[in-house]
Amino acid sequence: MNAFASLVGLTTRAWAHVGRTGGARPFFDDPPPRPASKQPAIFIDKDGTLVENVPYNVDPALLRFMPNACEALHALAAAGYLLVVVTNQSGLARGLFTRRQFAQMQLVLERRLRREAGVELTDLLLCPHAPDERGRPTCLCRKPSAGMLLRAALRHRIDLARSWMVGDTLDDVEAGHRAGCRGILLDSGGETLWRASPLRRPHAVCADWLDVAQAIRTAPAPAGLGVSPPPQHPQALR
Ligand SMILES: [Mg+2]
Ligand SMILES: [Zn+2]
């Protein structure tokens, strides 16, 4: 019996099980299961991108998917991307609807994605805050800030460098870039100001979700993630 085992009163036989997989494990719980490696994700804006933009809508009956969104999301999920919706919902701060109303609409949205696209949303994150009078975020989550994407990445072990943000405004593109992802503008008329900056320059501007899926599928690996051959030891060359 070793010193620690005798200190806590374990026999050698009981001690032999501590820390092993299987068998009696009196002290240590299994660590929570984690995927072996980080997964890429598609971060999806909701209004004007996933569904038609109906300002401050929480009525499930008014949910209309944007053209080909279901087909594209099905293909992207099949290609191994997690699907995460990130949405600014300042209607909450403005008192235009409640969390409960939003949650009911979210349930219908998730059920319809399951039925019509055959996909499961990994998560939906929302910013409930309002911007200031000049439209600037007053929190760390409202897009163009990256808070929701970063939180989702921690929560779901997302590989941000291999992930994409898809949205109908340059604020979405900027949020994606601030999180370390690439950004695609789905130009459905949501962007009206076109305020330019390097952070707001999309990888692609697409008119349709099928073009979005195609742009993602055919994009080269992000810089720094190329597969290089293992370094050769000089002696191995002889
Ligand atoms: Mg939008
Ligand atoms: Zn916020």
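This is a predicted model: local features need pLDDT of at least 70, side-chain atom pairs count only at pLDDT 80 or more; totals for chains, interfaces and linings use all residues.
Colleague: At what angle do helix α3 and helix α7 pack?

Modeller: Helix α3 spans residues 69-78, and helix α7 spans residues 209-218. Their axes lie 8 Å apart. An angle under 35 degrees counts as roughly parallel, and α3 is therefore roughly parallel to α7. The angle between them is about 20°.

Colleague: How many nonpolar, polar and charged residues does the contact of α3 with α7 have?

Modeller: From α3, the residues A69, E71, A72, A75 and L76 take part. They meet W209, L210, V212, A213 and I216 of α7. Glu counts as charged, while Ala, Val, Leu, Ile and Trp count as nonpolar. By class, the contact of α3 with α7 has 1 charged residue, no polar residues and 9 nonpolar residues.

Colleague: How many of the residues of helix α6 are buried?

Modeller: A residue is buried if 20 or more other C-beta atoms lie within 10 Å of its own. In α6, residues 170-178, the buried ones are L170, D171, D172, V173, E174, A175, G176 and H177. The helix is thus mostly covered, and the number of buried residues is 8 of 9.

Colleague: Which elements do the buried residues of α6 pack against?

Modeller: The partners include one helix, α5, at residues 147-156. The strands concerned are β1 (41-44), β4 (164-167) and β5 (182-186). The elements asked for are β1, α5, β4 and β5.

Colleague: Which residue with a positive phi follows α6?

Modeller: The phi of this residue is near 95°. The residue is G180.

Colleague: Is N68 buried, partly exposed or exposed?

Modeller: N68 lies in the loop between β1 and α3. Its phi is near 65°, a positive value in a residue other than glycine. A residue with 20 or more other C-beta atoms within 10 Å is buried, one with 12 or fewer is exposed, and one in between is partly exposed. Because N68 has 15 such atoms, N68 is partly exposed.

Colleague: Is W194 buried or exposed?

Modeller: W194 is found in the loop between β5 and β6 (204-206), and its phi is positive, near 50°. W194 has 8 of them, so W194 is exposed.

Colleague: Which two residues does a cis peptide bond join?

Modeller: Most peptide bonds are trans. Here the cis bond has an omega of about 20°, and its proline, P144, is placed in the loop between β3 (123-127) and α5. The two residues joined are K143 and P144.

Technical notes: Residues are numbered from 1 along each chain as its sequence is written. Chains are lettered from A and ligands numbered from 1 in the order in which they are written. Axes are lines fitted to C-alpha atoms, for helices over the stretch in contact, and angles run from 0 to 180 degrees between N-to-C directions. Helices (H or I, at least four residues) and strands (E, at least two) are DSSP runs, numbered from the N terminus. Angles under 35 degrees count as roughly parallel, over 145 as roughly antiparallel, 65 to 115 as roughly perpendicular and the rest as oblique. Two residues are in contact if their C-beta atoms, placed from the backbone, lie within 7 Å.
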